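Subject: Model handover

Hello,

Here is the structure I said I would pass on. My notes on it follow below.

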Protein chains: 2
Amino acid sequence: MTVKKNLEVCFSPALLHLYDTKGKVVVIIDIFRATSTITAALANGAEKVVPVASVEECIALGASTPNSITAGERNGQVAPGLQYGNSPLEYPEEFISGKILNLTTTNGTRLLHQVEDADTIIIGSFLNLSAVCDFLIAQDKDVLLGCASWKDRPNMEDNLFAGAVVRKVQSYFDIKCDSAMIAGSMYDDALRRPDLLSYLKVGSHYERLANFGLLKDLEYCTQVDIHPVVPILKNNALVLEKVTTI
Amino acid sequence: MTVKKNLEVCFSPALLHLYDTKGKVVVIIDIFRATSTITAALANGAEKVVPVASVEECIALGASTPNSITAGERNGQVAPGLQYGNSPLEYPEEFISGKILNLTTTNGTRLLHQVEDADTIIIGSFLNLSAVCDFLIAQDKDVLLGCASWKDRPNMEDNLFAGAVVRKVQSYFDIKCDSAMIAGSMYDDALRRPDLLSYLKVGSHYERLANFGLLKDLEYCTQVDIHPVVPILKNNALVLEKVTTI
């Protein structure tokens, strides 16, 4: 009998020290909007996405890398000095195909740099939910689902996505993690609403982005499985992994 | 028009620095089992419960305080050197009435000492759920529901209780806190199960305590409103507050 691998969920980067990431597959989750944007940009043909911690570093990298653009946000809005924002709708195929995207965001890219000792780091969003689940099942390694949260406070949308993954892969993993159970329970509750976005309307992030006129982004980011790809970190950049079908 | 007060939920002591506790009513939540035990002991006539950080301090206090007993646990079991454990069933009226209980636990009493700048600190458990909610509504102050968690990892039962409070008081408060929404969603999901305990069976704490033969404690701690009292911190001890009915 094969022993099942473990799966855990971490609600906030401020709790990451409680989890061991070494040797694990870590899924970075920042639904509104970093990991949705990364998924969309790569699915639409971006050569790679380079996650960058600071705005300054992003500008410098953009200047030194041919055929690349700078993008990112601070506090939900385009950061001064960068060319583009953190909206997946800014990166349709006709614009982003073949380009390198240097990206810095409030929460998502920071978390990515916190888990560097992981075996594998991939990017999760509702846009590529099933592709991520298939990948996790095929890897047969311990998994940590890492929610980027909002300035270290747990948020609805990242936890909800973690819950969706938990429910889809739970028969393949040994899950002894209350955060995973909490997330799964949220997802069960969300499935009783008309759609994911209406479930997320009571979330603080929904209000924040809707106030910025970004309702279309929220609608885009809650579509399920429109991009069957797995962004994976290789040589400090996110590129597309060929999806392994089980 | 009166402006509603805020209510927030903190899932773990490791996230407490993200919340302001000054001037607020803080509800300490450690369902399995510290806050259930405190509620039961006071409801059954204990003169007061003195929360103590260390086992050593607890032993010293027990020796110097007439008519008092020492109790507590580390890692879910009676701590060596203490007279009693952290089970609410150890404190029936015929034993505890009139006595002082010096108590130290893994998570609950620690959290209590972390929020000392709060305006008011009370104890929440399913045993006194409605009494706690009535008290919060009557106070008309900002509220923080503080989950003791398990060694800083969010746990199911504390978050579930927070969700029960959120659902019962939400029309009286302005709630802009994703953790509160997550907890409320869990509670909505739990209400679809036969009872709270069956919902909590997938939690790590359930398994841990059941393995210690403490299933009766789990059953006791998930009873709702059997003790309509509000334990409140006054002069470094928990005593009964007269419940204010609205």
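**Strand pairing around S4(A)**

In S5(A), A:Gln77 is the bridge partner of A:Arg74. Strand S4 (residues 68-74) and strand S5 (residues 77-78) of chain A pair in the antiparallel sense over 2 bridges; two strands pair here if DSSP finds at least two bridges between them. Helices (H or I, at least four residues) and strands (E, at least two) are DSSP runs, numbered from the N terminus. The hairpin of S4(A) and S5(A) has 2 residues between the strands, and A:Asn75 takes a positive phi near 55° there.

Before going further: this is a predicted model, in which local features need pLDDT of at least 70 and side-chain atom pairs count only at pLDDT 80 or more, while totals for chains, interfaces and linings use all residues. Residues are numbered from 1 along each chain as its sequence is written, and chains are lettered from A and ligands numbered from 1 in the order in which they are written.

S4(A) also pairs with strand S6 (residues 100-104) of chain A, where 5 bridges join the two and they run parallel. A:Ser68 stands opposite A:Ile100 in that pair. Of the 7 residues of S4(A), 5 are buried, so the strand is largely enclosed by the rest of the structure. A residue is buried if 20 or more other C-beta atoms lie within 10 Å of its own, exposed if 12 or fewer, and partly exposed in between, with C-beta atoms placed from the backbone.

**Chain A overall**

Chain A has 10 helices and 11 strands. Its radius of gyration is 17 Å, close to the 18 Å that the globule rule gives for 246 residues, so chain A is as compact as a globular protein of that length. The radius is taken over C-alpha atoms, and the rule is 2.2 Å times the number of residues to the power 0.38. The C-alpha trace of chain A spans about 55 × 35 × 35 Å along its principal axes. Of the 246 residues, 52% count as buried. Among contacts in chain A between residues at least 6 apart in sequence, 79% join residues at least 24 apart; a contact means that the C-beta atoms, placed from the backbone, lie within 7 Å.

Leaving aside neighbours within four places in sequence, A:Val132 is in contact with A:Val27, A:Ile122, A:Gly124, A:Val165 and A:Val230.

A:Val132 is one of the buried residues of helix H5 (residues 129-139) of chain A, along with A:Leu129, A:Ala131, A:Cys133, A:Phe135 and A:Leu136. The cover over them includes strands S2 (25-29), S7 (120-124), S8 (143-147), S10 (230-234) and S11 (237-241), as well as H6, of chain A. A:Asp140 follows H5(A) and has a positive phi, near 55°.

A:Leu233 lies in strand S10 of chain A. It counts as buried because it has 21 C-beta neighbours inside 10 Å.

In the interface, 23 residues of chain A are in contact with 23 residues of chain B. Helix H6 (156-169) and helix H7 (178-190) of chain A each supply at least two residues of the side that touches chain B. H7(A) gives the largest share of that side, 8 residues. The residues of the side divide into 10 nonpolar, 7 polar and 6 charged. Here Ala, Val, Leu, Ile, Met, Phe, Trp, Tyr, Cys and Pro count as nonpolar, Asp, Glu, Lys and Arg as charged, and the others, Gly among them, as polar.

A rotation of 180° with 0.0 Å of shift along its axis superposes chain A on chain B, with an RMSD of 0.0 Å. That is the relation of a two-fold axis. Copies are superposed by least squares on the C-alpha atoms of residues with pLDDT of at least 70 in both. Of the interface residues of chain A, 100% are also interface residues in chain B, so the copies meet through the same surface.

Regards

Note on methods
Contact = placed C-beta atoms within 7 Å.
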